[in-house]
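User: I would like to learn how to read the features of a structure, one at a time. Please show me the model and start with a single residue.

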Amino acid sequence: MPPEEFRRFAHEAADWITEYLATLEHRPVFPDMRPGDLEGALPGHAPEHGEPMERVLEDFRELVVPALTHWNHPAFFGYYSITASGPGILGELLAAALNVNAMVWRSAPAATELEDVTMDWLRILLGLPDGFEGVINDTASSSSLYALAAAREVAYPEAHASGLFGSAPGRIYASDQAHSSIEKAVLTLGLGQDGYRAVASDAEFRMDVDALRQAVEEDMAAGVKPVAIVATAGTTSSASIDPTTAIADVAEEFGVWLHVDAAYGGPASIVPECRPLLAGWERADSIVVNPHKWLFTPIDCSALYCRRPETLVRAFSIVPEYLTSREQSEARSLMDYGVSLGRRFRALKLWFVLRYFGREGIVERIREHMRLARVLEASVRASESWVVVAPVHLGLVTLRYAPSGIGVEDLDAMNLRIMERVNQSGGAFLTHTALDGRTVLRVAIGNLKTREEHVARVWRLLEEAARAEHPRVADFE
Ligand SMILES: Cc1ncc(COP(=O)(O)O)c(C=O)c1O
């Protein structure tokens, strides 16, 4: 693409992005389409001859954009809602243009050093002590896998050479509310499904530490080796926060690696009054925090902090001749910290975000999300027909339509239909989960453009959907 052509389309794309972000709230959050619609509208093979960029961009606007669920929409409340902020988008754009591959220092000196700097800035913002070394991965799933690989390295030092065959069985513990990525990591690490133990949680969906201790003791007595304990700070279903101090005591007593999955909840620690919620996480061996969840950084960006980085490196470092370099003893080779050799320049967008908002700006925005969550919580609590299912600590509200006189299974189905009605309306988007075996709706507040009116809108849509599903006598009067 000649420079003048690039300039023209880069300006066009920048204008389109600006307009898109400015008017996004007027679009439906969820597309009006069926699976296969977009595929059906596109040719089955790439063009034989190059096409003009105008046509490609036109198809992007006319075909791709209408088929999007808009995660950057202020009324997107599904999963954990996120933001690609302006500075984050600019960082991503520039990283794409630079196209450096941060395998070793020499392949990308700036990306390597900026990753050191941003990881350290973020560590300080989070209030973590300076023994933690940070590295950026694509997702929390990768970060937790790598952390648990390091834990396995400690539990089975001999396995590095000879594999796990013939070793005593090992186990990784997490609460029954932990994210599925932990169990996936256990499977990937060759510990098998039996290598994962879901520890019961209490009435507020936090790990029951007595049950954890009992599980570890039972396993040790039976010759099963505890490999790691995973505490979650901000579980996926309810944003509950495990009692990390008490869990750290157990990990310390039995000499087991402690990993904290703070993929969602971690950024709350930047807010001074929230820091006590995460107390104890500073005692972990490894921690994952996702800037792409609640820190305004475009997906993907996951920070893995490790207090034993040499163990992480031992688990992953293989340096063939073609990747050796003069500087390898002086500077980090980021390829040594995980499976992938190639690494995008993810630190750039995070550096832009941290600089643009500053600590104060981040604190203000996270606080606002928590305030909005409490506003919604108050509306739900004021209603006779709805219940708030889990305590609201962060930006997530879990709610269930539960008027009296309807059986629990019918209510489960009704809640799902209510959610579908809201999502199909295009006015807001939310997702569901199961808590205590019952269907629960989740409204996750985490987008920078979400204002009180969007929260009021999702609540109005929920109430309207509930009335449509369950007309009551009063509604006809
Ligand atoms: C607590 C928790 N951990 C891990 C993950 C996985 O995150 P990722 O998509 O970055 O792998 C999620 C996703 O929502 C999560 O809520």
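Analyst: Start with Arg346, which is found in helix α13. Helices here are DSSP runs of H or I with at least four residues, strands are E runs of at least two, and both are numbered from the N terminus. This is a predicted model, in which local features need pLDDT of at least 70 and side-chain atom pairs count only at pLDDT 80 or more, while totals for chains, interfaces and linings use all residues. Residues are numbered from 1 along each chain as its sequence is written, and side-chain values use heavy atoms, with hydrogens and water left out.

User: Is Arg346 buried or exposed?

Analyst: Buried means under 20% relative accessible area, exposed means over 50%, and partly exposed lies in between (1.4 Å probe, protein chains only). Arg346 has a relative accessible area of 10%, so Arg346 is buried.

User: Which residues is Arg346 in contact with, leaving aside neighbours within four places in sequence?

Analyst: Contact means heavy atoms within 4.5 Å. On that basis Arg346 touches Ile136, Asn137, Asp138, Asp300 and Cys301.

User: Which residues are linked with Arg346 in a network of salt bridges?

Analyst: A salt bridge is a side-chain nitrogen of Lys or Arg within 4 Å of a carboxyl oxygen of Asp or Glu. By this rule the model has 35 salt bridges. One network of them links Arg346 with Glu92, Asp300, Arg344 and Lys349. Within it, Arg344 pairs with Glu92, their closest N and O atoms being 3.0 Å apart. This pair joins distant parts of the chain, 252 residues apart: Arg344 lies in the loop between α12 and α13 (346-382), and Glu92 in helix α4 (residues 86-98). Arg344 is partly exposed, at 36% relative accessible area.

User: How far apart are the closest N and O atoms of Arg371 and Glu368?

Analyst: They are 2.9 Å apart, and the two residues form a salt bridge. Arg371 and Glu368 are three residues apart in helix α13, so about one helical turn separates them. Arg371 is partly exposed at 33% relative accessibility, and Glu368 is partly exposed at 29%. Another salt bridge joins Arg451 and Glu453, with closest N and O atoms 3.1 Å apart. Arg451 is partly exposed, with a relative accessible area of 36%, and Glu453 is partly exposed with 45%.

User: How do the axes of helix α6 and helix α12 cross?

Analyst: Axes are lines fitted to C-alpha atoms, for helices over the stretch in contact, and angles between N-to-C directions run from 0 to 180 degrees. The axes of α6 (residues 140-155) and α12 (residues 309-316) come within 8 Å and cross at roughly 90°. Angles under 35 degrees count as roughly parallel, over 145 as roughly antiparallel, 65 to 115 as roughly perpendicular and the rest as oblique. The two helices α6 and α12 are therefore roughly perpendicular. Their contact involves Tyr146, Ala147, Ala149, Ala150, Glu153 and Val154 of α6, together with Thr311, Leu312, Arg314, Ala315 and Phe316 of α12.

User: Which residues form a nonpolar patch on the surface?

Analyst: Patches are made of residues with over 30% relative accessible area and no salt bridge; like charges are joined within 9 Å, nonpolar side chains (Val, Leu, Ile, Met, Phe, Trp, Tyr) within 5 Å. Accessible areas come from the Shrake-Rupley method with a 1.4 Å probe, and for residues only the protein chains shown count as cover. Phe60, Val64 and Leu68 form such a nonpolar patch, with about 190 Å² of accessible area together. Val64 is in helix α3 (residues 53-64).
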